[in-house]
Amino acid sequence: MEYKTAIGKKFTLIIARGPEEVGARAADIVMELVGKGRPGVLCFPTGSTPIPLYRRLAGLYRKGLVSFRNCKAFTLDEYRGLPSSNKNSFRFYMERHLFSKTDFPPRAIHSFNGMAEDIEMECRKYEEAINKAGGISLLFLGIGANGHIAYNEPGSNQCSRTRMVVLSQETRRAIQKNFPGKYPPQYAFTLGIATILSAKTIVLMATGRDKARAIFRALKGKPTSDVPASFLQSFKGRLIVILDRDASSMLNVDLNRCQTISRK
Ligand code: GLP
């Protein structure tokens, strides 16, 4: 269904019955672009929300229904200070959930080096690699309960590019569970808001009631750096928002008018 944000940006809203179906619909969009071997530059988030998407893509690959052999992949962000071998690093997560289970050519996979000594150079190299790849064709996003996208925390500027950021207390509390007995990372590398908005297609996914307010503020609130996801309202490309019913619960949408998935 076509839907409009607070400032009139049109986007496609898909309401799925639950997290698995959010993943299935997101996978449909990958299939539409990539199929059995078309080129594409994809950018992926971490967190719990995209796991059903990665599971689905791995399954489609196993069945020979999708191939990423001509694709390039970028990860959205990375903790500062964690090597890719650390199981909490985003590179490790992406290997585990998607890259090791599909056929992305290893040389076409880009992620931040969390241990880079020259931070500015690392960020510049990342932007250059995106440009060299021809820009991002399809970028997936989750959303933090405080409205962050990638690691663009509240306060992030709409013009921001790839950089290192300080994680908010709220985010650090949310990730503490992954770092038992330790302090969670304080800093992270992230694609900037302007970098995200330069993609051709953006798919925002959210599941669960604890994301309902962030989704409402992102789509129906005034665009503000207090809610970085609200800058998606000024995105010029194709925006697709895939939610489960809980995450959509504050939007007041008529579920009968949204594309929903039928149970098979
Ligand atoms: C992290 C990531 C984001 C992600 C968010 C939500 O902070 N940097 O890219 O969207 O968490 O995570 P989850 O899907 O686990 O709620």
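User: Ser-137 first. Buried or exposed?
Analyst: Ser-137 is buried, because its relative accessibility is 14%. Buried means under 20% relative accessible area, exposed means over 50%, and partly exposed is in between, with a 1.4 Å probe and protein chains only.

User: Before we go on, what are we looking at?
Analyst: This is a predicted model, where local features need pLDDT of at least 70 and side-chain atom pairs count only at pLDDT 80 or more, while totals for chains, interfaces and linings use all residues. Residues are numbered from 1 along each chain as its sequence is written, and side-chain values use heavy atoms, with hydrogens and water left out.

User: Fine. Where is Ser-137 found?
Analyst: In the loop between H4 and S7. Helices (H or I, at least four residues) and strands (E, at least two) are DSSP runs, numbered from the N terminus.

User: And which residues is Ser-137 in contact with, leaving aside neighbours within four places in sequence?
Analyst: Leu-33, Gly-40, Val-41, Lys-200 and Thr-201. Contact means heavy atoms within 4.5 Å. With Val-41 there is a polar pair: a polar side-chain atom of Ser-137 lies 2.7 Å from the backbone nitrogen of Val-41. A polar contact is a pair of N or O atoms within 3.5 Å; within protein, one must be able to donate a hydrogen and the other to accept it, and residues adjacent in sequence count only if both atoms are side-chain atoms.

User: On to the sheets. What is the order of the eight strands?
Analyst: S1-S2-S11-S10-S7-S3-S4-S6, an open sheet with mixed pairing. Two strands pair if DSSP finds at least two bridges between them. The edges are S1 (2-4) and S6 (109-110), each pairing on one side only.

User: Why is S4 largely enclosed?
Analyst: Because four of the five residues of S4 are buried. S4 runs parallel to S3, and five bridges join the two.

User: What about S3 with S7?
Analyst: S3 (residues 40-44) and S7 (residues 138-141) run parallel and are joined by two bridges. Leu-42 stands opposite Leu-138 in S7.

User: How many residues of S10 are buried?
Analyst: Six of six in S10 (residues 201-206). Thr-201, Val-203 and Met-205 point one way, while Ile-202, Leu-204 and Ala-206 point the other way. In a regular strand the side chains alternate between the two faces of the sheet.

User: Which partners does S10 have?
Analyst: S7 pairs with S10 in the parallel sense over four bridges. Leu-141 has Leu-204 in S10 as its bridge partner. S10 and S11 are also parallel, over six bridges. There, Ala-206 is partnered by Leu-243 in S11.

User: And the three-strand sheet: what order?
Analyst: S5-S9-S8, open, with antiparallel pairing. S5 (77-79) and S8 stand at the edges with a single partner strand each, so one side of each has no neighbour in the sheet. The twist averages 30° from one strand to the next. S8 and S9 (residues 187-190) pair over four bridges, and Arg-163 stands opposite Thr-190 in S9.

User: Switching to the ligand. What surrounds it?
Analyst: The surrounding residues are Thr-46, Gly-47, Ser-48, Thr-49, Asp-77, Gly-142, Ile-143, His-148, Ala-150, Tyr-151 and Lys-211. A residue is near a molecule or strand if one of its heavy atoms lies within 4 Å of it.

Terms used
Axes fitted to C-alpha atoms, helices over the stretch in contact; angles between N-to-C directions.
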